[in-house]
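Me: Please take a close look at the charged side chains in this model. Which of them pair up, and what surrounds them?

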Amino acid sequence: MACLTREYGTAEGRRLVADGRTRLPPIPVGLVAWPIRMASLPSMHPGGTPGATGRRRAPLGALVGVMVLVAMGLGALWPGLDPYAMDLTARLTGPSAGHWLGTDRFGRDLLARTLVASRYSLAIALAAVGTAATAGTTLGLLAGRGGAVGEILSRLVDALMALPGVLVAMLLAVVMGPSPITVGVAIAVGLVPGYFRVSRGLALALREAPYVEAAYAAGASWWHVARWHLLPGMARPLAAHSAASAAVALLADAGLSYLGLGLQPPTPSWGLLLKEAQQAIGLSPWPALVPGAFLAAAALAFNAIASALQSGR
Amino acid sequence: MISVRSSAPAVAERVPSPWRYAARRGAGAVLSALVAASVAFLVTRALPGDAALTMAGVDASPEVVERLRRDLGLDVPAPVGLVRWLAEAVQGRLGTSVRFGLPVAELIVTHFRVNLLLVALAVPLALGLALVAGTVAAIGLSGLDGWGLRRRVLQAADRVIAPLMQLGLSMPSFWVAMVLVWVVAVRLRLLPAVAPVGDAGWLTWRGLVLPVVALALPTAGALGLMVRASVAQGLQEPFVQAVRAKGAGVLRVVVAHVLPGALNPVISTLGVVLADLLTGSLVVEMVFGLPGLGRILLAGVEFRDLPLVTGGVAFAALVVVMTSAMVDVLYGLFDPRVRYR
């Protein structure tokens with residue numbers, strides 16, 4: 001029996017390695033690629049809504065969401081965008097042939113500024129989500145083992161939830177000064193409890209699954225089980241949670257930049273653009289409407305993807 | 001579905017009394033607040049950078065820096081400083097603000113009432129909107145018949161309401177505030193763009209309308225989606241069919257039979273919602289130039305005012321933890337299932 005169990009583990013391991021399909025790419029690539037690929041697999045344990053078994057709706061919202069995000073990404077990387085060029089003959093104008101979405105109070109093109117801003121805002125938000133996903137899921141898996149460690153971790157994360165993100169950012173800004181890193185860390189700290197709760201709950205539920213018991217019986221280590229049996233089972237819910245978290249992170253980044261805790265002018269970010277727009281709100285709505293609409297569209301896209309992943313195609 | 005541990009034990013046992021639950025929940029909340037405050041304090045100590053030096057400026061004399069360091073309690077090891085600070089904090093003393101030269105506790109309390117007012121007004125508005133819109137959308141979503149033509153109308157209403165709620169969830173409240181300012185204050189000239197302060201130092205209701213609405217709308221979207229999902233799920237229950245068979249109308253079924261049970265998940269997230277609203281109010285108050293906690297804390301950040309910001313964060317953590325504990329305890333009075341948690 002003993003040799004049989006040992007062979008199970010090694011044969012399984014060899015098959016997985018030879019297969020190559022189940023192998024994780026290196027971490028930086030994995031942070032992005034893994035949720036996407038795992039989410040595209042049929043879910044083994046849908047964390048979806050209980051009533052959603054019968055009718056399957058096409059994830060139209062999610063498709064539109066992906067298209068919006070891709071378009072925004074392409075626009076952000078468009079060559080030749082100049083967010084600083086001033087056109088003093090056209091200040092605070094509405095949409096025109098020269099400036100598609102109008103200009104700000106220095107005559108800078110709002111479309112160019114908003115697109116360049118989306119580079120920074122999306123990068124900060126996604127980096128924060130990646131960091132929080134890694135940290136929160138690791139802690140959640142650890143807490144999913146149960147026992148004293150799980151209890152202590154849960155308490156700590158509960159306490160962490162009591163610190164609102166804006167205040168964490170202020171705290172960090174006092175010591176480190178305002179910077180994109182301050183904002184990113186604050187957002188990540190705010191997102192960790194969510195990942196912790198999702199992954200811990202799933203780990204506790206999956207712990208009782210027959211295949212997990214079988215793996216333990218076959219002599220697999222906790223780490224092996226967590227990595228090869230628990231994590232793949234959580235891929236779908238975690239991917240959904242990541243999409244929802246990305247929306248939250250975008251909104252939080254905008255709020256913190258608006259308060260002046262993140263990037264500093266003249267570099268554009270969505271929050272900073274809105275801050276600048278506020279001074280001119282009595283004269284022209286366009287500086288406020290354009291970045292806000294981009295921000296809402298991006299957040300809405302992520303939310304649509306999240307709800308498609310949650311309900312299961 | 002893999003067996004998930006249910007929150008209530010399978011074997012019948014005595015339901016914990018509300019008092020027991022309140023005591024347990026309260027103790028947990030106090031512990032959480034202490035941990036959060038400690039984290040806030042230690043973060044300022046652990047991060048690189050000499051707070052005293054940045055505060056005094058690079059060209060300050062060493063004696064000045066040394067005195068500042070002693071005043072801030074930076075000359076003792078972090079654990080000792082933490083214990084001292086916590087001992088002072090539980091007595092309501094959070095030190096003196098470097099920027100304003102006033103006791104931190106006094107500054108926080110006088111400015112926090114603005115945020116408290118905003119949140120206190122925004123919560124009922126958001127909850128009311130979410131309940132009405134979410135319930136209507138849920139009835140449309142589950143396609144309850146028996147209302148004839150109204151069924152079509154309700155389904156159409158869901159198609160409109162649900163995306164609107166998604167949109168609400170995806171907009172930051174301060175942007176909603178700016179759009180409202182442009183539409184209501186600049187174009188229609190109905191309400192002031194900057195909230196005027198009355199003679200007594202209190203805000204006038206005309207100035208409060210826009211901040212409160214801006215704060216409530218995104219929250220209403222998030223809560224409304226939750227109500228919609230929860231009520232729609234409740235409408236699938238077999239007892240709904242039984243009650244309908246007895247002749248109860250849709251409204252009666254929803255209000256008297258489905259809503260009480262469906263509110264459970266909504267109310268249990270109310271603590272998180274309150275924290276979100278508090279955070280949102282810190283940003284929204286900046287749009288309207290209200291003299292709230294956000295303004296003085298930002299001033300503190302600019303000035304590297306360590307006691308003020310640390311105290312503000314600890315205070316906010318306490319408020320968040322206590323309100324969510326209070327919500328849980330109050331709800332536990334009505335729903336015994338909560339008390340098992």
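Reply: Start with the elements: helices (H or I, at least four residues) and strands (E, at least two) are DSSP runs, numbered from the N terminus. From its N terminus on, chain A reads α-α-α-α-α-α-α-α-α-α-α. That is eleven helices and zero strands. Chain B has 13 helices and zero strands.

This is a predicted model, in which local features need pLDDT of at least 70, side-chain atom pairs count only at pLDDT 80 or more, and totals for chains, interfaces and linings use all residues. Residues are numbered from 1 along each chain as its sequence is written, chains are lettered from A and ligands numbered from 1 in the order in which they are written, and side-chain values use heavy atoms, with hydrogens and water left out.

Now the chains as a whole. Chain A holds 313 residues, and 50% of them count as buried (under 20% relative accessible area; exposed is over 50%, partly exposed in between; 1.4 Å probe, protein chains only). For chain B the buried share is 46% of 341 residues. The accessible surface of chain A is about 14,400 Å², with 69% from carbon and sulfur atoms (Shrake-Rupley method, 1.4 Å probe; for residues, only the protein chains shown count as cover). Chain B comes to about 17,100 Å², with 66% from carbon and sulfur. Take the contacts in chain A with a separation of 6 or more (heavy atoms within 4.5 Å): 73% link residues 24 or more positions apart. In chain B, 74% of the contacts between residues at least 6 apart join residues at least 24 apart.

Next, the charge pairs. A salt bridge is a side-chain nitrogen of Lys or Arg within 4 Å of a carboxyl oxygen of Asp or Glu. Over all chains, the count is eight. Look at A:Asp104. A:Arg108 bridges to A:Asp104, with the closest N and O atoms 3.0 Å apart. A:Asp104 also meets A:Arg113, at 3.6 Å from N to O. A:Asp104 counts as buried because its relative accessible area is 6%. A:Arg108 is buried too, at 7%. A:Arg113 is at 0%, so A:Arg113 is buried.

B:Glu88 and B:Arg93 form a salt bridge at 3.1 Å, N to O. B:Glu88 is partly exposed at 34%. B:Arg93, at 42%, is partly exposed as well. Back in chain A, shared partners tie A:Asp104, A:Arg108, A:Arg113 and A:Glu276 into one salt-bridge network.

Patches take residues with over 30% relative accessible area and no salt bridge, joining like charges within 9 Å and nonpolar side chains (Val, Leu, Ile, Met, Phe, Trp, Tyr) within 5 Å. Lys and Arg count as positive, Asp and Glu as negative; His and the chain ends are not counted. Charges are placed at NZ of Lys, CZ of Arg, CG of Asp or CD of Glu. A surface patch of positive charge gathers A:Arg155, B:Arg14, B:Arg20 and B:Arg24. B:Arg14 lies in the segment before helix 1 (18-46) of chain B. B:Arg14 counts as exposed because its relative accessibility is 76%. B:Arg24 sits in helix 1 of chain B, partly exposed at 45%. The C-alpha atoms of B:Arg24 and B:Glu106 are 31 Å apart, at 82 residues along the chain.

Last, a nonpolar counterpart. A:Val66, A:Val70 and A:Leu74 make a surface patch of about 260 Å². A:Leu74 belongs to helix 3 (residues 60-76) of chain A. At 55%, A:Leu74 is exposed.
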